[in-house]
Amino acid sequence: MDKDSAILQGAFLQASKLCLPSSLSSLQKADWSRVGHPLVEAVREICGQDELSTTARCWKKKIVCVVWLKLLCGEAEEDVETAWRENPFFPLLNGLPELNHVVLLELVRSLAAADVFAGFLLCLPQSQICVELERLVQHVKSSPTREDDVRLFLQVWWELWKGSNEQKVGGEDSIEAMFAKQFARLSSLSSSLSPQAAKRLKLDPSDQPASSPATDVLHILLHALKDMKDHISSSDLCLQALSISLDSLYTALLIEQEVKLPTKEKMHMLSKAVLIREKNDGKLSPELIQEAQRDLRASHTPSKFKPSRMTLGEAMKIITDLTQFWLNSKLLAVDDSTNLSYSTFRLEQSVRRVLTAPEEACLPEMMSESDAQKPEMNLLRGLLESLVFPTIETTPEVDAKVTMNIISHRLEDYQNFAVLCASEKSWAFPDEQLLDFLEKNQAAFQQHDAVVGLASTLMGKLHSESPNVSQCRKLMKVTADIFSALSLEDKNKSLAAMLRLSTRGFLGRSVPSAVTIGFEQELNMAFNCIIQGGGGASATASMSHLNTAASLIARVAFQNPEAALRSCCHSAVFNKGSFSLMAKILQQLPGLRGQRGRKEEAECEEGKQTKQNGDEGKDDVSGGSLLCKCLQETIKTKSLLACEKEQLLKFLGLLMMPVVAVEGEERRQRFLPPQEVVNVFVLPNLSSVGHSWFDTELSLQLLHTALSVDVQPPASSPHWLLDCSPFPLLYVLAQLHNQALRFWEQPPESTVRHWSMDTKELLESVLATLAQVVGEEVAAAPSTWSRALFWLYNKMEELDWAVRFHLKPVWGEHFKNEVPLSLLAVCDLPEQEWSGLDLPQYGQGSGLLAWMECCSISDSLRSTMLSCLSLDQRKPEHVGMFSKGLLVALTQTLPWCSVSQWSRLLGTLRELITSGRLHVPFSLEYVDYLPLLDLRRFSCELRLSVLLLRVLQLLCGSSCSHWLSADSWAHVGRLYAHAVREMMNLVRAKLPLPSSGAWTASVSTPPKTPASRDSNPSCDPEKVTQPTIDSLREAEGLKESHEEEEVETTLSQEVLFVLSQLFCHVQHIQVMMPGGRSEPLFLSSLEILSHYEAVMTAFPESSSPLESDNTRHFFTTITDNLESEEMKLVLQQKIAQLVSADAR
């Protein structure tokens, strides 16, 4: 026997002694106060301080069970030999003295074990329940009757109505199960006992009539309460009694099936109940919530104790009388609204239910009596309506705590509470407790509605407050883990819902940047795993790898769709070979398509309606256009290489191609149609106000891509571009080009974009392609497009005259070429095709400026300008004036040229120089003596270099230097460096350098041993002892080779001289330019020096040691004028390497 059992037996023995000369088997109720103290103290010692602990409850159950079984054994006169074998409680039970029901019921009252007693009652047949209830009623009514006795009666009553607590009742080994088993065993023994003993043990149901009140639980309880009403003197007990009576009436006689409450209403009722009980009874606990749930369920579920005799009218009559009596006694008045009791709350709920119970909810057998019952019902209704209850308000914090406890402890209806918890937005920002709760209870939220609701709620909390960074990161991870456990179908539904909420998911708007650290790491890890796991071999990627990759992308996309799509685009563009895998992944995730291309049209329409009605203030970007936006971001972040542009092209092409998204389906879908690229992204972002220049550049690149990846069959007509407002698009592009013509002149506060030359170059390319496409459509159906064509042409009158020439394919032969009148003065153009415009900015003497601008627009227009140039070369003064005017015009045109335009102008200048129409005198400004060289073959390059030097001298002069900003000067430097590279290429072409192997041979082999030049190893000079035909031929070949070497040496000297002039020109210009730190010119100088060194190495005879020494000294002196010490040091280090072969 253990210590606790010994304590309990000792307490019973002590109580038995206190009963002397009587015994516990004949104890009267009034004597309990004298003998019960040792028993209560012993139980408290066994249970410990925490009476609500599991151990304490088990001991209470065990004690009540043992005492009750002791009574049953005594009444059944069980044999000891049988008891010790059959009864598991025999060791403890056998040590107890004989008892009666007074001991049992008083012990239950003293231990507050009404729930335990009711739990054992529910293990009995209903007939025996009635017997035990009769005993309880008799005990309560026996003298002295105290309020504690009535409270015990009411507690047992309500516990019976709540039913057994399934979460506390275990399996076959539970105390309740053992009690029921022992009761059945003892009942079987009663058949062999005398009738008196049998009746002491139980009441035989066969002895009772079917409609006897003894088998009607509600009848027993209501009549007992009616008899006890005088013993209820406290308001709280009165409220309890009326509440229990009304709930019993409602569940037994007014409803036939369970009343289903919305989860949110249920939560509010539970929160109110828990809030009141927490204030009165102590700390919030799962047991407290569970009891409130049991109360709520018992109040809305039909009772198992259906009345067999009592009618609705009789029940209402009793309750009406009780209500009237207590109202007269002023026991139903609620005075203190600040300290509400749970009984008050329960009564308010009970009254509301009875008052709102519809008559049609009455049981069918009661409907026949409805007319007779109406007066009684109206009387009861009037009495209940007269009751006044204070308003009970709960708080979001309490709602959250209650819901968390229900979910975490898997209490009743926890799954619906999980959905409610996920979608509730009124609760305060989650703390560590809630984060831990979500992490530990992920399974409860693994459903589409719960995930979407949770995401929406958490996004609102993240964006509206200043959350703790660590909490936010943990919160995002838990939500993503819950999402990852969904099926692919639910994942796509959740992704589509997330896109409707925000394109940036959890990381939108006010989330601190530090919160994104963990997500970025996860994002990078996901894509690294995908790429390393087979991204490069996407064509043969296995289905399992594809599914894994799609799951990884779906997880990060749910957290931030925009970031995930941007990473997909980045990977597709910049990771070699991964574009195919990225496209396949996106096809696996149609939820990221947004509104376009949904599988079910109904979902599409529903999504659109939702977007129109309730999505104000959110990102107005659908899935498809979000992809366009992410492509824009991808292109903006980095200048694309040729291979990257090709991958982007293929990626877009795959997404625009219709494919079967799900294996087995016949329907083919495309993730991104080309019309969407233009309509969703290009058209809105090419407006002239509100967008940065970089947005425009990306828009143009995507438009160029869309035009390039057109997969439309050649025979199909019209072109898909005609669905994208082609003429307004042409006009917008023309407007942009018009702004780009003189972008360096825009004031700092101008509303017009600040353009880059790359954007201008791209704009010209896109405009040409678009004009060609539209021009073909116009030519195919001119009458259809005539109105739009004239509209566009009239719009062009607002723009610069040069813009119209970019739309020449659209105009066709419909309009003349319009140019400034001053151009017609310097160019003989046919009047049938050309007409003049009187433009203020092109006054007298501006003809060559307009001529230069025409030459830069296109190759065909440049050819026309050169062929129609009006210049009499026989008159030197005309050539001189033309050359001077062209110098000024070139100075005005240079800063605003793109690279392609500048290349056309350089070709124009070379054409004019070689044809003798442009006179550029060449002076030896950087030498003290005239070199004995023939420089005619380099005449064009030298004169062009001098011309550019004169242009830059004029541009850098005091009269022009204020024209340009720092950015424009940098652009001028890039254009001049481009011209230098072209001249260098021409110089290289005239003297190709031998291979590195030839350099080594020529340097290492002495020139006086020609035999070493023969590659035939069989030729041995020692064996040649007399002249032969072969030796004569070899000698003549050596002579010719020597002559060729002399020619190459002379040519290499000329090249070195030209390179020295170019180097001096570049250095001169770099010193003149504002800032003096033009990196393109610095690189051009290095390129010239590198080629200079290469020529000296390849042709050792081209420079003597003295000449190379003078050259190094001269170049060093030139570079001393540079302002940048870093550039000067690098150039002088390079100059120091210019050493002739003889000096090495």
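Contact here means heavy atoms within 4.5 Å. The model is predicted: local features need pLDDT of at least 70, side-chain atom pairs count only at pLDDT 80 or more, and totals for chains, interfaces and linings use all residues. Residues are numbered from 1 along each chain as its sequence is written, and side-chain values use heavy atoms, with hydrogens and water left out.

**Nonpolar cores**

Leaving aside neighbours within four places in sequence, Leu-733 is in contact with Leu-686, Leu-700, Leu-703, Leu-763, Val-766, Leu-767 and Leu-770. Leu-733 belongs to the largest nonpolar core, which has 142 residues. A nonpolar core is a set of buried Ala, Val, Leu, Ile, Met, Phe, Trp, Tyr and Cys residues joined through side-chain atoms within 4.5 Å. Buried means under 20% relative accessible area, exposed means over 50%, and partly exposed lies in between (1.4 Å probe, protein chains only). Phe-445, Phe-651 and Leu-733 touch the most other members of this core. Its largest share, nine residues, comes from helix α37 (residues 757-780). Helices are DSSP runs (H or I, at least four residues), numbered from the N terminus. A second, separate core has 112 residues, including Leu-96, Leu-111, Leu-121 and Leu-237. In soluble globular proteins, nonpolar side chains tend to be buried together.

Helix α33 covers residues 642-656 and contains Leu-649. Leu-649 is partly exposed, at 32% relative accessible area. Not counting residues up to four places away in sequence, Leu-649 touches Thr-705, Ser-708 and Val-709. Ser-708 lies 59 residues from Leu-649 in sequence, yet their C-alpha atoms are 7.8 Å apart.

Helix α29 (residues 561-574) packs on α33 at an angle of about 125°, with the axes 7 Å apart. Axes are lines fitted to C-alpha atoms, for helices over the stretch in contact; angles run from 0 to 180 degrees between N-to-C directions. The two helices are therefore oblique to each other. Under 35 degrees counts as roughly parallel, over 145 as roughly antiparallel, 65 to 115 as roughly perpendicular, and the rest as oblique. From α29, the contact uses Cys-569, Ser-571, Ala-572, Val-573 and Phe-574. From α33 come Glu-644, Gln-647, Leu-648 and Phe-651.

**Salt bridges**

A salt bridge is a side-chain nitrogen of Lys or Arg within 4 Å of a carboxyl oxygen of Asp or Glu. The count by this rule is 45.

| Pair | N to O distance |
|---|---|
| Asp-227 and Lys-141 | 3.3 Å |
| Lys-650 and Glu-646 | 3.2 Å |
| Glu-798 and Lys-795 | 3.9 Å |

Asp-227 and Lys-141 link distant parts of the chain, 86 residues apart. Asp-227 sits in helix α13 (residues 217-228), Lys-141 in helix α9 (residues 126-141). Asp-227 is partly exposed at 43%, as is Lys-141 at 36%.

Lys-650 and Glu-646 are four residues apart in α33, so about one helical turn separates them. Lys-650 is partly exposed at 38%. Glu-646 is partly exposed at 40%.

Glu-798 is exposed at 52%, whereas Lys-795 is partly exposed at 25%.

A network of salt bridges links Lys-29, Glu-106, Arg-109, Arg-146, Asp-148, Asp-149 and Arg-151.

**Helix α49**

Helix α49 (residues 1079-1098) has 20 residues. Its expected span is 1.5 Å times one less than that number of residues. This gives 28 Å, and the end C-alpha atoms are 28 Å apart, which agrees. Of the 20 residues, 15 are buried, so α49 is largely enclosed by the rest of the structure.
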